[in-house]
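Q: I would like to learn how to read the features of a protein model. Could we work through one together, feature by feature?

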Amino acid sequence: MEVRSDILGGAKKPSVAAIDGLALGGGLEVAMACHARISTPTAQLGLPELQLGIIPGFGDMIAMKSRTCCSGYGLITGRDRVWFHLAEANGPKKGTQRLPRLVGISKALEMMLTSKPVKGDEAHSLGLVDAVVSPNELVSTARQWALDILECRRPWIASLYKTEKLDSLGEAREIFKFARAQARKQAPNLTHPIVCIDVVEHGIVSGPHAGLYKELESFQELVRSDTCKSLIHIFYAQRGTTKVPGITDLGWVPRRVKKVAVIGGGLMGSGIATALVLSNYPVILKEVNDQFLLAGIGRVRGGACALS
């Protein structure tokens, strides 16, 4: 397991990740295992696994859009889609362990718990990537960076063992305590955010390899949970609505909405009517009598004035 997870970081030849487009989940984890990362300004980097009820650390084969690639010695590239089928991708990739060591504990927890990606420029300021260049310069810069590492003109860095971004143990425990309190407040019925925090903390307290085993153990439990199964079902169901045979494949174009009728001017109806009015749609409000209608119109006017 450790041989697989360290195949890039522990290799005798340097690897540099060249990132353009999306590097999310397993894509970012592979990039973090490299000795350096070069990004374009518009690239997006993140670990959104918690949206599926699991924690970072999953991967058999990673698909990444656009021109996300590992560069340097052993270039993998493709303009439309790149499949990484490395030994690294077949084992745990230590997403919960590498990210805190690159961007700090607080920012790493924020990125994982909110599932929000960062763009290239912010990633550079955080230390997640080492340089930001234009798409035309991306691959050539990554290749030169790898050569510079090999010839000792740049440092040979294994992200798993970086410590300069880590807080002291006492400060770290306070960060984890606060993160748990926020996670329980925002999602009291979900356990996987707490598990994610526990795994990160275990790696900080006991070392990255101990964190790896904790990550693997926790992931295997979460991936079998009802929460994970439900969130994955929702994930595919949402995407399935964009590909309905006999409808979406016929090239139909939605008709232009010219006027909208809202039945009921209560709290919900007036809110819907207000949103439509502010979006410049003509609205007809239907109520059961004049008294309710006037009250509904008043709520729409009040809401529109407050939001305009």
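**Reading a buried strand**

A: Leaving aside neighbours within four places in sequence, Ser 39 touches Ile 19, Leu 45, Gly 120, Val 129, Ala 131, Val 132, Val 133 and Leu 138. Please bear in mind throughout that this is a predicted model.

Q: Is Ser 39 buried or exposed, and in which strand is Ser 39 found?

A: Ser 39 is buried, with a relative accessible area of 0%. Ser 39 belongs to strand S3, residues 36-39. Both faces of S3 are covered: Ala 36 and Ile 38 are buried on one side, and Arg 37 and Ser 39 are buried on the other.

Q: What is the order of the strands in the open sheet of 3 strands?

A: The order is S2-S4-S8, and the pairing is mixed. Strand S2 (22-24) and strand S8 (118-119) are the edge strands, each pairing on one side only. S2 and strand S4 (residues 44-46) run parallel and are joined by 3 bridges. One example is Ala 23, whose bridge partner in S4 is Leu 45.

Q: Which residues form the covered face of strand S10, and which the uncovered one?

A: In S10 (residues 260-263), Val 260 and Val 262 form the covered face, while Ala 261 and Ile 263 form the uncovered one. S3, by contrast, has both faces covered. S10 pairs with S11 in the parallel sense over 4 bridges, and Ile 284 in S11 is the bridge partner of Ala 261.

Q: Turning to helices, how should I read the burial of helix H4?

A: The general idea is that an α-helix has 3.6 residues a turn, so residues three or four places apart point the same way. For H4 (residues 95-103), 9 of the 9 residues are buried, so this helix is largely enclosed by the rest of the structure. The buried residues include Arg 98 and Arg 101, as well as Leu 99 and Leu 102. H4 is followed by Gly 104, which has a positive phi near 95°.

Q: Which residues have a positive phi although they are not glycine?

A: As background, most residues other than glycine have a negative phi. Cys 152 has a positive phi of about 65° without being a glycine. Cys 152 lies in the loop between helix H7 (138-150) and H8, and counts as exposed at 71% relative accessibility. Another case is Asn 280, with a positive phi of about 70°. Asn 280 sits in the loop between helix H12 (267-278) and strand S11 (283-286). At 70% relative accessibility, Asn 280 also counts as exposed.

Q: How is a pocket to be read, and what is the volume of the second largest pocket?

A: In general, rolling a probe the size of a water molecule over the atoms shows where empty space is left. The second largest pocket here has a volume of about 390 Å³. Its lining consists of 18 residues, and Leu 113, Thr 114, Gln 182, Ala 183 and Gln 186 lie nearest its centre. Helix H5 (105-114), helix H8 (169-186) and helix H9 (192-206) each supply at least two lining residues. H8 gives the most, with 6 residues.

Q: Finally, what describes the chain as a whole?

A: The chain contains 13 helices and 11 strands. Of its 308 residues, 44% count as buried. Among contacts between residues at least 6 apart in sequence, 66% join residues at least 24 apart. The chain exposes about 16800 Å², of which carbon and sulfur atoms supply 57%.

Definitions and conventions
Residues numbered from 1 in each chain as written. Predicted model: local features only at pLDDT ≥ 70, side-chain atom pairs only at ≥ 80, totals over all residues. Heavy atoms only, no water. Buried < 20%, exposed > 50% of the residue type's maximum accessible area, 1.4 Å probe, protein only. Contact = heavy atoms within 4.5 Å. Areas by Shrake-Rupley, 256 points an atom, 1.4 Å probe, with all protein chains shown as cover. 1 Å grid on protein atoms, 1.4 Å probe; cavity = no way out; pocket = protein on both sides within 12 Å on 5 of 7 lines; lining within 4 Å. Points joined across faces, edges and corners; volume = space filled by probe spheres on them. Pairing = 2+ DSSP bridges.
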